[in-house]
Amino acid sequence: MKACLFDYGAMARAVLPLQKALTEAEKVRVFSPAQETDLTFDLCGLKAQPCTGAANIPDGECFTAPERESANGTIRFSPALQFGHRFSSIKLTFNDGQVIMADAESPEKTKILHSILNIDDGASAIGEFAVNFNPIIQNITTRTLFDEKINGGIHLALGNAHPKTDNGNRSVIHWDLIHIQRPDFGGGELWLDGKLFRKDGLFVDPE
């Protein structure tokens, strides 16, 4: 209830510097050695979209999209749910925008993960990148509406691009996968254009 009844007017004002930074940025690096994560990609130059209570409750993210063929490296995600299947851990490796390796917590779950990624050509590419910042949401629930707003996290959506930040990726799925960089999840860094932007879930820039 506290997350749903947040002061979204204040959030809408506070998000503006983040929206500007994501709109102007060209390159992103997501880095967390403790989580076996080092992923880079280019942004499309689209206007980033803040989400502060106008369409979803709870809310608290700002999203854009990467260039479809630019993602390279590896990232590990928090627990996730898709098509009724719960994954405790997902690790993806990208090459030129496409998933080339995918592992879950067991061989059985890895097989299911592969079946999801092979639904169509766009299911193994990124359609959205977002920075999450609702300070009330602290724990993973596998309820996407909450998890994609979690404090100190980012998320990448495999599959179909959002129409407001359309990078051209098309798929029957849009699967938001969460990577949390707070110290209690292993820490990490978010870099924009070669400059540290957020560390261990906290923004570096005072704005």
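**Note on salt bridges and strand order**

1. The count of salt bridges in this predicted model comes to 10, where a salt bridge is a side-chain nitrogen of Lys or Arg within 4 Å of a carboxyl oxygen of Asp or Glu.

2. Arg-170 and Asp-166 form a salt bridge through their side chains, at 2.6 Å from N to O. Arg-170 has a relative accessible area of 46% and is therefore partly exposed. Asp-166, at 34% relative accessibility, is likewise assigned to the partly exposed class.

3. A further salt bridge joins Glu-189 to Lys-199, whose closest N and O atoms are 3.1 Å apart. This pair links distant parts of the chain: Glu-189 belongs to strand S13 (residues 189–192) and Lys-199 to strand S14 (residues 195–199), and the two residues are 10 residues apart. Lys-199, by contrast, counts as partly exposed at 38% relative accessibility.

4. Glu-36, Arg-76 and Lys-91 belong to one network, joined by salt bridges that share partners.

5. Which order do the strands of the open sheet follow? The sheet has eight strands, arranged as S9-S8-S5-S2-S1-S13-S14-S15, and the pairing is antiparallel. At its edges are strand S9 (98–103) and strand S15 (202–203), each of which pairs on one side only. Strands S13 and S14, which hold Glu-189 and Lys-199 respectively, are listed next to each other in this order.

6. Strand S1 (residues 27–32) pairs with S13 in the antiparallel sense, over four bridges. Within S13, Leu-190 is the bridge partner of Val-30. The salt-bridged residue Glu-189 is also located in S13.

7. Which strands does helix H3 lie across? Helix H3 (residues 107–117) lies across strand S8 (90–95) and S9, and runs at about 160° to S9. Of these two strands, S9 is an edge strand of the sheet.

Terms used:
Residues are numbered from 1 along each chain as its sequence is written. This is a predicted model: local features need pLDDT of at least 70, side-chain atom pairs count only at pLDDT 80 or more; totals for chains, interfaces and linings use all residues. Side-chain values use heavy atoms; hydrogens and water are left out. Buried means under 20% relative accessible area, exposed over 50%, partly exposed in between (1.4 Å probe, protein chains only). Two strands pair if DSSP finds at least two bridges between them. Contact means heavy atoms within 4.5 Å. Axes are lines fitted to C-alpha atoms, for helices over the stretch in contact, and angles run from 0 to 180 degrees between N-to-C directions.
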